[in-house]
Amino acid sequence: MLVLLVVLLPAIGSALAFAITRPSARLVVLSVVSLAHLGIVGALWVGPRASALSGWLAVDSLGLLVLTLVSLLFAAVVAYAIGFLREESPRGGRWFAGCLLGFLAATSLVCASQHLALLWVGMETTTLAIAPLIFHHHDRRSLEAVWKYLVLSSVGIAFALLGVFLLATAQPAVGGSRPLIFGDLLSHARTLDRAWLRAAYVFALTGFGTKMGLAPLHSWKPDTYGEAPSLVSALMAGALTSCAFVGLARFTAVVFAAGLDEFARPLLIAFGIVSLVVATAFVIGQSDVKRLLAYSSVEHMGLLVLGLGVGGVGAFGSVLHVLNNGIAKGMLFLVTGNMVLATGSSAAADMRGLLRVRPISAALMLVGLFAVTGSPPFGLFVSEFSIVSGAIREHHVWVAVALLLLLSIIFAGIGRVLLGVVFGGREGGGGGGGERVGADGGGSRRDSAWLVCGPLALAAIVLLLGVYIPAPLRASLADAAHMLGGSAP
């Protein structure tokens, strides 16, 4: 019942948000559904993980991990939205609240789906739910970003659908084996037709890789993240891409169980390295903070598939990295949103010297810099270290060396921009470290509690994951890594 409720509750809340006319009432619906969803996810951790709809819905270790990430991030975004809506009034308030809750329902469906066709339906629904939220400014640039996202995502999800069809073709009619049910696919993986399975995996990697934003399939990310409100960018970078990873991971687990490791691993490693190289090239010299974070997302998506590709401890690091990256990237986008509210721009030059204007946000941005670049003691250091260790242990030393080199360059590129934002002085101003007054004249304002409580909570979580991983979480991480052909450290 709980696994069904975790999908139905936000779907019902979305319908209510569209029906309610009072903005304050819609905000109440958002908050109540968010907290209730978080409570249901907590109950799934401590209670029995029953299935629903004849096994089509169930939460395994990987699904529960990403579902937890989605719920935590959504709760932080809703808290942020309370402060955000006091400073901005998005057109079509019903669409804003309704689409946010629709997105939560769709991502929950992806995480809970054990039927791969139903998982695909959830991924397609995320596209439809998030697209109206990107069109926030109602200008030419945001319209262009929406269309680019819709077109490229639709092409990607079409490839993923073809992968699902080909996987169904590869599955023989075996007694007791249900079509496209993930557990049955794993149990009878050796009976799958290998030619059709290879074709299915290529299309799934292309399709879900597009939704993740792997290079060279990433071209929608910079424009979309740059034009969307920062709280929407946080959901896309932290939740949407993680759900796409779930889809790819399920296909990867089936391929590994079928004994096609030697076919899949080089593809994953290639996509990972290419994504890191492309991210490195575009991070250097980047002058817009939100686009900078978009290329950082390309980097981290590359790390996820690289961990799957090298296997061993790298798979454990990849699963842990889903949590760490989603939380850190969500925090950074929300903090960037505070800077945009203060200056009216996401250009790094316009944000310089904001330590005095919004000191809490500036401090959180500094924390986010070290978190997202994998510096100790934050959680991304642990997950990236696991991926590098996995590459070395599995005799991919050249991958480990290339990874360390590229990560060092990316650290320098991101650090140059974000340190300038926090500590730099105004360009053309009268002295270093001066305040930058925003376009709305609000340069003297401080962050409201609603605008910083979400990022503060996410910062605390990503710090905790760097120094301590609770035993239930570690067990789920190990189980998910084992399913993906890896092992715990």
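Modeller: What follows is a short exchange on this predicted model.

Colleague: What does the secondary structure of the chain come to?

Modeller: The chain has 19 helices and zero strands. Its radius of gyration is 21 Å, close to the 23 Å that the globule rule gives for 489 residues, so the chain is as compact as a globular protein of that length.

Colleague: What does the C-alpha trace span along its principal axes?

Modeller: The spans are about 75 × 55 × 45 Å. Of the 489 residues in the chain, 60% are buried. The chain exposes about 16900 Å², and carbon and sulfur atoms supply 68% of that area.

Colleague: Among contacts between residues at least 6 apart in sequence, what share joins residues at least 24 apart?

Modeller: That share is 80%.

Colleague: Turning to helix α1, what should its 18 residues span, and what is the distance between its end C-alpha atoms?

Modeller: At 1.5 Å a residue, helix α1 (residues 2-19) should span 26 Å, and its end C-alpha atoms are 25 Å apart, which agrees.

Colleague: Which residues of α1 are buried?

Modeller: They are Val-3, Val-6, Val-7, Pro-10, Gly-13, Ser-14 and Ala-17. An α-helix has 3.6 residues a turn, so residues three or four places apart point the same way.

Colleague: Which helices do the buried residues of α1 pack against?

Modeller: They pack against α2 (23-46), α3 (61-87) and α4 (93-112).

Colleague: A change of topic: how many disulfides are there?

Modeller: The count is zero. Cys-111 is in no disulfide, and the nearest cysteine sulfur, that of Cys-243, is 4.1 Å away. A disulfide would need the two sulfur atoms within 2.5 Å.

Colleague: Is Cys-111 buried or exposed?

Modeller: Cys-111 counts as buried, because its relative accessibility is 0%. Cys-453, with a relative accessible area of 30%, is partly exposed.

Colleague: Where does Ser-375 lie?

Modeller: Ser-375 is in the loop between α15 (359-372) and α16 (379-393). With a relative accessible area of 13%, Ser-375 is buried. Its side chain makes a polar contact of 3.5 Å with that of Thr-373. Beyond its neighbours within four places in sequence, Ser-375 is in contact with Phe-370, Phe-381 and Phe-411.

Colleague: And which helix holds Pro-359?

Modeller: Pro-359 is in helix α15, and it is partly exposed at a relative accessible area of 33%. Leaving aside neighbours within four places in sequence, Pro-359 is in contact with Leu-354 and Arg-446. Its C-alpha atom is separated by 54 Å from that of Ser-187, 172 residues apart along the chain.

Terms used. Residues are numbered from 1 along each chain as its sequence is written. This is a predicted model: local features need pLDDT of at least 70, side-chain atom pairs count only at pLDDT 80 or more; totals for chains, interfaces and linings use all residues. Side-chain values use heavy atoms; hydrogens and water are left out. Buried means under 20% relative accessible area, exposed over 50%, partly exposed in between (1.4 Å probe, protein chains only). Helices (H or I, at least four residues) and strands (E, at least two) are DSSP runs, numbered from the N terminus. A polar contact is a pair of N or O atoms within 3.5 Å; within protein, one must be able to donate a hydrogen and the other to accept it, and residues adjacent in sequence count only if both atoms are side-chain atoms. Contact means heavy atoms within 4.5 Å. The expected span of a helix is 1.5 Å times one less than its number of residues. The radius of gyration is taken over C-alpha atoms; the globule rule is 2.2 Å times the number of residues to the power 0.38. Accessible areas come from the Shrake-Rupley method with a 1.4 Å probe; for residues, only the protein chains shown count as cover.
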